[in-house]
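Biologist: I've got a model open on my screen and I'd like to talk it through with you. Could you take my questions one at a time?

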Amino acid sequence: MKKWARLRYSPCMPMGSDGRRITGCGAHRQLSREAAAEGMVLLKNNGGLLPFKDGRRIAVFGKAQYDYVKGGGGSGDVIVDHVTNIYDGLKIKESEGKIGVYDGLIDFYKAEIDKQYAEGKLPGMTTEPKIPEELLSKAASYTDTALITICRYSGEDWDRKGDPQDGDFYLSAEEEEMIADVLGKFKNIAVVINAGAQTDSEWFHSDDRISAALLAWQGGMEGGLATADVLCGDVTPSGKLVDTFAKRFVDYPSSESFAESDDYVKYYEDIYVGYRYFETVPGAAEKVNYPFGFGLSYTTFDISDVKAELDGDNIRVCASVTNTGNTDGKETVQVYYSAPQGVLGKPSRELASFKKTDTLKPGETRKVYMSFPVSLMASYDDTGKIQMSAYILEKGRYSFHVGNSVRNTVKADFEYVLDENTVTEQLTQQSAPSKLEKRMRADGTFEEMPSYKNNTERIAPAPINAEPPKEAAALIDVYEGKVSLDSFIKQLSDDELAGILYGQPNTGVANTSGMGNLEKYGIPNVMTADGPAGFRTAPSVDVTTTAFPCATALACTWNPDTVYKIGAAGAAEVKENNIGIWLTPAMNIHRNPLCGRNFEYFSEDPIIAGKMAAAKVRGIQSLHIAASAKHFCANNKEVNRYESDSIVSERALREIYLKGFEICVKEAQPWTIMSSYNIVNGTRASENYDLLTNVLRNEWGFEGMITTDWWNHAEEYKEHLAGNDIKMPVGDHESVMAALKDGKITRTDLEVCAKRLLQMIMKLD
Ligand code: BGC
């Protein structure tokens, strides 16, 4: 097929090797199901209640068995032709003779929930109905084993609620009543949580009457089936938490400041996010129900022979993993380092590397090898305590802890010892806060913060020196090496140049607009489409696709290969439908459980976020589809996201909120990055020269193109000055032309943006 044929002519040619469409195909649904099962985290399994097997009879309670939430809402939603819910998944297991499912409850739940759907409620936003006493008794005479299901939904542009009476992070009163009813009648009780982010775990953690709990996440369109796969032991759980589950919402260090104001968020907890807080600050460890990295299996593992050594500039770690139980299973080995507390202060543990085994049979041992650069352990000095704006390895002893959660580790014999403070990288101050009065220290007290000037001086880009081609050239001529890109750009009038720096009309099956679209010069209108859980089509066009598990579930697989495969499968669907840019991965940090879009994001930890994002980007771009890592950066709350100022120290920015993007850029070079709506330390992210040009491009070597988020509130010409190449989904052409006329922006400024846009388009196919 000719270059860009799909993008230009929309021929809708199926990509299956058998000539069929692959969009929403069985193989992709199977991949979705397997990934969902792999990401589920078994939190509790007293007495080995799970897996249900040998025909065990169960009664399933809770509307979530029917009201299954495949993923969150907004641009992260996916239009599918069906969703397999938990009840249907379990009935399939029953038909295979594995379990017996009490049938008397489902009609009740269906009727109650369908009524609420008809009233306009969304899946997961319905109210738990009161179970009639008679049904409860009938179920109890069928079996003594109950499965309680609970679901949660959230979406873009709104945040979740954390008050105990609100029934979001916590149980609703109606759910509490349902659980009390079940606890009163059944002896063996397991729980399934179908949610996209942390919810309260205390009610099952602290109650001995509840034997088992499976965190099944929002598992995509086959999530109910995947849940049944794990509950019935067809899949041994191997997911591990990528977020700390604290006892109460208020235990998270960011809970107080999360909703303090609609206008700003002050990141007082600084680098002590998630386990970096809970494992470090005195008294915080007791507030945890389930630590970072934790997850049970149906088998047991032993991690032994832990060795660490210095190998050039890297720390190399190896360990042996033995399956010591009776069932096949996979284990994830995690390496944490512990740096000296020093002058700058450090979390007591930080994830450095991890490796998941393949399936090990009972008794089988596998050796795993991991490695990470010594420089990963450096801290950024943003106040000049040792050396201003430098990454520093403080003198002292660095130890290494290897295990299967942040808490269950073995210390390696080897320590990395430094006699002197060592600068690993000298940078310059970027996007420092002027309005952050204080930030947390490792002992939980706060230090006062200076007020910094927010931004550095902009340096105008070097002019593009070239002559226009003698005859009008098309973009394909550049691709074929007949004309240079610089020369190609010179033939565009100012109006044409500015005209390709904003979104273009929708074509085809998606609704997020295109980029390019200058037919006169053969620039195709490359369509974009969302999103993190799968390729999102416009609901009206009736093209359904595969909904994969939510990003948090994918991260809990701790398996970059799985995430790569999902990237490639989703990109194939995107490509088959003639779209060129897939607006994923989303990779903001789970700063607080209430962020309405946490389900779209990976983790509270930037190493996990960065590695998973990089894997997805590699998968996507292996098909010559552009990935768009988003939302850059510090977009950790939804309420008033267009105008909210994220006020955060430069250290926390660099070590937590930028770190995942840095890993993704350095490991996978996404062809596009999406700047976020919010303001960062006083300057809109999309107008932020410090972040977009100095950090992203100059420090990290990002080679791609930057797009705004959709319909943001920034001024287009200021965005181009900052290095934000394209404004989506529409621009403000008149004001850019006026700014050009008034000398506020130059033709060179526009040319460099256009060049990056066209370079990106030329990579597509
Ligand atoms: C979201 C982006 C999304 C875009 C296009 C915005 O509202 O924040 O993540 O890609 O819309 O749908």
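**Spaces, ligand and backbone**

Modeller: Let's start inside: the lining of the largest cavity divides into 7 nonpolar, 1 polar and 5 charged residues. Keep in mind that this is a predicted model.

Biologist: Which residues lie nearest the centre of that largest cavity?

Modeller: The cavity has a volume of about 110 Å³. Both β13 and α16 supply at least two residues of its lining. Of the 13 lining residues, those nearest the centre are Y337, E350, L376, E655 and K659.

Biologist: How many cavities of 30 Å³ or more are there?

Modeller: Rolling a probe the size of a water molecule over the atoms shows where empty space is left. Counting cavities of 30 Å³ or more this way gives 7.

Biologist: What about the largest pocket, which residues are closest to its centre?

Modeller: That pocket has a volume of about 1,000 Å³. Its lining numbers 42 residues, and closest to the centre are S353, F354, P560, K611 and E667.

Biologist: Which helices and strands each supply at least two residues of the lining of the largest pocket?

Modeller: By class, that lining has 16 nonpolar, 11 polar and 15 charged residues. The strands that supply at least two residues each are β13 (350-356), β14 (365-373) and β20 (422-426). The helices that do so are α2 (26-39), α15 (560-576), α16 (606-621) and α18 (659-668).

Biologist: On to the ligand. Which residues come nearest?

Modeller: The shell around the ligand has 4 nonpolar, 3 polar and 7 charged residues. Of the 14 residues around the ligand, the nearest are E156, D530, R597, H631 and D709.

Biologist: How much of the ligand's accessible area does the protein cover?

Modeller: Look at the side chains first: an N or O atom of E156 is 2.3 Å from an oxygen atom of the ligand. For R597 the distance from a side-chain N or O atom to a ligand oxygen is 2.7 Å, and for K630 it is 2.9 Å. On its own the ligand has 310 Å² of accessible area, and the protein covers 93% of that.

Biologist: D530 came up among the nearest residues. What is omega for the cis peptide bond that joins D530 and G531?

Modeller: Most residues other than glycine have a negative phi, and most peptide bonds are trans. G531 is in the loop between β24 (523-530) and α14 (551-556). The cis bond from D530 to G531 has an omega of about 5°.

Biologist: And where is P729, which a cis peptide bond joins to M728?

Modeller: The bond between M728 and P729 is cis, with omega about -5°. As for P729, look in the loop between α20 (716-722) and α21 (733-741).

Biologist: What is the phi of S513?

Modeller: You'll find S513 in the loop between α13 (494-499) and β23 (514-518). S513 is not a glycine, yet its phi is positive, at about 75°.

Biologist: Last one: what is the radius of gyration of the chain?

Modeller: The chain has 22 helices and 31 strands. For 765 residues the globule rule gives 27 Å, and the chain comes close to that, so it is as compact as a globular protein of that length, with a radius of gyration of 26 Å.

Biologist: And what does the C-alpha trace span along its principal axes?

Modeller: Taken along those axes, the C-alpha trace of the chain spans about 85 × 65 × 50 Å.

How values were computed
Residues are numbered from 1 along each chain as its sequence is written. This is a predicted model: local features need pLDDT of at least 70, side-chain atom pairs count only at pLDDT 80 or more; totals for chains, interfaces and linings use all residues. Side-chain values use heavy atoms; hydrogens and water are left out. A residue is near a molecule or strand if one of its heavy atoms lies within 4 Å of it. A polar contact is a pair of N or O atoms within 3.5 Å; within protein, one must be able to donate a hydrogen and the other to accept it, and residues adjacent in sequence count only if both atoms are side-chain atoms. Accessible areas come from the Shrake-Rupley method with a 1.4 Å probe; for residues, only the protein chains shown count as cover. Ala, Val, Leu, Ile, Met, Phe, Trp, Tyr, Cys and Pro count as nonpolar, Asp, Glu, Lys and Arg as charged, and the others, Gly among them, as polar. On a 1 Å grid over the protein atoms alone, a cavity is a set of points where a 1.4 Å probe fits but cannot get out, and a pocket is an open set with protein on both sides within 12 Å along at least five of seven lines; lining residues have an atom within 4 Å of a point. Grid points are joined across faces, edges and corners, and a volume is the space filled by probe spheres set on the points. Helices (H or I, at least four residues) and strands (E, at least two) are DSSP runs, numbered from the N terminus. The radius of gyration is taken over C-alpha atoms; the globule rule is 2.2 Å times the number of residues to the power 0.38.
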